[in-house]
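Colleague: I am new to this one. Can we go through the labels and what stands behind them?

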Amino acid sequence: MGADWFFLGFSLPAWITILTVTSIFVVMARSRIPAEVAFLGALTILLVTGVVSEEEGMAGFGSEPVVIHAAFFVIIAGLMQTGVLYWLTKHVLGDPKNYNNALLRLMVPTSILAALLNSVNVVALFIDAVKIWARKLNISPSKLLLPLSYAATLGGMCTLLGNSSNLVVAGLYLNKTGQSMHLFEPFIPGLILTVVGILLVMALQHYIPSRRTAEQSFETTSDYTVELLVPTDNPAVGETVEDAGLLNVKGGSLVEIVRFDREIIMPVPKDEWVLGGDRLIYAGQINEILELKRTHGLAAADHHVWSINDIDTKRKMRTAYVDFGSSLIGRSMSECHFEQKNNVALVAVARQGYRVKGQPREIRLEAGDTLLLECPPKGDRLLEQETRHTVTFFDSHFVPQLGPKTVTSAIILILMFLISSMHVLPLMATTMLAAGMMMLFGCCRITGITRYIEWELLLILGATVVFSVAITKTGVADSIANEVLQLCGRNPYVVMAVMCLLASIVSEFVSDVGSSAVFFPIMYQQAEMLGCNPMPFVMSLMLSVTISFASPIGSNTHMLIYGPGSFKFTDFARLGIVMHIVLLTLTLVLVNIIYPLY
C-alpha cells in the first residue's frame with residue numbers, strides 16, 4: 001500500500017506508522033484514556049490500513065513476553081492463595097528502630113523480591129506494611145513509599161521477570177536473532193545499579209518529601225456521616241427523596257436509608273419514597289447537613305455520628321485511591337454510576353493529604369485522590385476485582401491459611417528459577433511449566449486465577465510487538481537509524497548514549513514498555529550499520545527505559561504509591577532527576593565494560 005509514494009524519504013505506510021506510534025505517546029501523556037485503549041486503537045489503525053497483516057497482528061499476542069506474563073500471573077495467583085507472599089510480607093521486612101534502619105530494611109528485601117516476583121507485585125504487596133511502619137516511626141508514609149518504589153524498580157532491572165519492559169526487549173531480541181536471553185541476563189549491571197541506587201537514596205534522603213496522608217485528614221475529622229430521623233408526621237412522608245429536597249442537600253448528599261424494618265437502601269435512587277421512621281444517612285459537611293433538622297423538620301437519631309473508628313456493624317468504611325487512567329478522573333460521582341454499580345457510597349474525598357471541602361459527590365476527581373467509601377460488610381475481594389483500574393483499595397485484610405500448599409508453591413517458584421538459570425529449559429517453557437504445576441498441585445483455584453491476570457498489560461505487550469514489526473517493516477527504523485548516525489557521526493558510544501537518553505526521557509512520560517518497543521528496532525539497526533555487537537545496544541536500552549524516577553507516570557510502581565503517599569506530581573523530580581542522570585551514565589559505562597562492542 002503506497003509503496004511508490006514517498007514524502008521526506010518515507011513511504012505512506014511508514015508515515016502511517018510514525019503518526020500512529022507518535023499519537024500513542026501524545027494520548028498517554030495528555031489524556032486520561034487508558035493505555036490499553038490507546039494501544040488497541042493504534043493496532044487497529046495499522047491493521048485496517050494494511051501496514052501489518054492479520055498474521056503479523058495476531059503473532060504479537062502469542063509472542064514470548066505475552067506468554068511468559070500470562071503464565072507468571074498464574075504463578076502469582078498460587079503464591080497469593082497459598083500465603084507465600086503473605087508470609088514474606090510478615091517476616092521479611094522485620095521491625096525497624098529508626099528511619100535509616102527502615103530504609104535499609106525496606107529497600108534491600110524489596111529489590112531482591114522485585115527481581116524474582118516483578119516490581120509491581122512487590123510494591124502492591126508492601127504498601128500496607130510500609131504505612132504501618134510509618135505510624136510506628138511517627139513519620140509520613142511518603143518518606144518510605146518513594147524508596148519502596150525506587151527499590152522495586154531498581155531490583156526489577158536484575159532479571160527478565162523483574163520489569164515488563166525487560167521481557168519486551170528480550171522477546172524482540174529473540175525475534176531478531178533467534179537466540180533467547182536467559183533469566184539473569186541483565187543481572188550484573190542491574191545489581192550494580194541497584195546498589196548504587198540504594199546508596200543514592202540513603203545519601204539524598206532529605207530530598208524525599210514528607211506529605212500529610214489522606215488517612216490523617218480523615219482521622220482528624222471526628223465525623224463523616226450523620227443520621228437523621230424522619231418523624232411520622234413529616235410532610236415529606238409519601239414523597240420521593242428528590243421531590244422532598246432530601247437527596248442532594250447543601251453541604252452533602254444522601255448515601256443511605258435505613259428502614260424501620262432494618263432494610264438498607266443504598267445507593268439511594270432519586271425516586272425512592274420517604275417513609276415515617278426512616279433513618280437518613282448523609283455524608284458531607286456535617287454542620288451544614290444538620291441544618292436539615294430545622295429546614296425539613298427532621299429529628300436527631302439516637303445513633304451517633306460515625307467516625308473512622310466507629311464503623312457500623314452492617315456497613316464499613318474503606319479507603320481507595322483513584323488510579324491513573326481511571327474513568328473517574330475529571331468527573332464527579334454524581335455524573336457516573338460507580339456507586340450504584342458497586343453498591344458503595346462516597347463519604348469524603350482527600351487530595352494530597354487534605355480533605356476536600358464541599359459536597360463529596362460533586363467534587364471532580366483527580367488521579368491519586370483518596371476516597372472514603374461506605375461499603376458492604378462482605379465481598380471485599382469481589383469489590384476489589386470489579387473496581388480494578390478505576391480505584392485501588394489498600395486496606396484489604398485477607399489472611400490466607402498457611403499449610404502444606406504454602407511450601408509446595410514456594411518450592412515450585414524456586415525450581416522455576418533454578419531450571420531457568422541453569423538453561424535446562426527456555427524461560428517461556430519454564431514459566432509455563434511452573435504455572436501448570438501450580439494448578440496441578442492445587443496451589444491456586446482455576447476459578448480465581450482471572451482475578452490476578454492483568455488483561456490490559458497482556459494487550460499492551462502484544463500490541464508493542466506489532467509496533468516494532470511495523471517500524472522495521474516500513475523502513476522507519478532504517479531511516480531514523482541513518483539520520484541519527486549522520487547527526488552523531490559513526491561513533492557507537494555517542495550513538496548509544498544519545499538513543500538511551502532519548503528512550504529514558506520518553507519513558508518518564510509514557511510507558512516504558514512502549515518506549516522499549518519503539519526504540520528497539522532503531523537501536524538494533526544502528527548496531528548492524530556500525531558493524532557492532534548488538535547486545536550492548538540492546539542491554540543499554542533495556543536498562544535505560546527502566547530508569548524512570550523523575551515522574552509518577554513513568555513507572556507502574558510510582559503510580560501505585562502516588563495516592564497512598566499523597567504525592568504531588570513534582571515530588572518525584574526532586575530526587576528522581578539526580579537518580580536518572582547518575583544511573584543512566586553508570587548504565588552506559590557498565591554495559592560497554594561487560595558487553596564488548598566488537
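Colleague: Why is Cys 500 called buried?

Modeller: This is a predicted model, and the value is computed from it. Cys 500 has a relative accessible area of 0%. Buried means under 20%, so Cys 500 is buried.

Colleague: What makes Met 422 exposed?

Modeller: Its relative accessible area is 56%. Exposed means over 50%, so Met 422 counts as exposed. Met 422 sits in the loop between α16 and α17. It belongs to a nonpolar surface patch, together with residues including Val 407, Ile 411 and Leu 433. The patch has about 800 Å² of accessible area together. Helix α16 gives the largest share, 5 residues.

Colleague: How do you know that Cys 444 is in no disulfide?

Modeller: The search of the whole structure finds 0 disulfides. For Cys 444, the nearest cysteine sulfur is that of Cys 443, 6.9 Å away. A disulfide needs the sulfurs within 2.5 Å, so Cys 444 is in none.

Colleague: Why is the pair of Tyr 150 and Phe 549 called edge-to-face?

Modeller: The planes stand at 85 degrees. Tyr 150 lies in helix α8 and Phe 549 in the loop between α23 and α24, so the pair ties together parts 399 residues apart in sequence.

Colleague: Why are Phe 184 and Phe 417 called tilted?

Modeller: Their planes are at 50 degrees. Stacked needs under 30 and edge-to-face over 60, so this pair is tilted.

Colleague: What makes Phe 184 partly exposed?

Modeller: Its relative accessible area is 24%. That falls between the 20% and 50% cut-offs, so Phe 184 is partly exposed. Phe 417, at 9%, is buried.

Methods: Residues are numbered from 1 along each chain as its sequence is written. This is a predicted model: local features need pLDDT of at least 70, side-chain atom pairs count only at pLDDT 80 or more; totals for chains, interfaces and linings use all residues. Side-chain values use heavy atoms; hydrogens and water are left out. Buried means under 20% relative accessible area, exposed over 50%, partly exposed in between (1.4 Å probe, protein chains only). Patches are made of residues with over 30% relative accessible area and no salt bridge: like charges are joined within 9 Å, nonpolar side chains (Val, Leu, Ile, Met, Phe, Trp, Tyr) within 5 Å. Accessible areas come from the Shrake-Rupley method with a 1.4 Å probe; for residues, only the protein chains shown count as cover. A salt bridge is a side-chain nitrogen of Lys or Arg within 4 Å of a carboxyl oxygen of Asp or Glu. Helices (H or I, at least four residues) and strands (E, at least two) are DSSP runs, numbered from the N terminus. Rings of Phe, Tyr and Trp (its six-membered ring) pair if their centres lie within 6.5 Å; planes under 30 degrees apart count as stacked, over 60 as edge-to-face and the rest as tilted.
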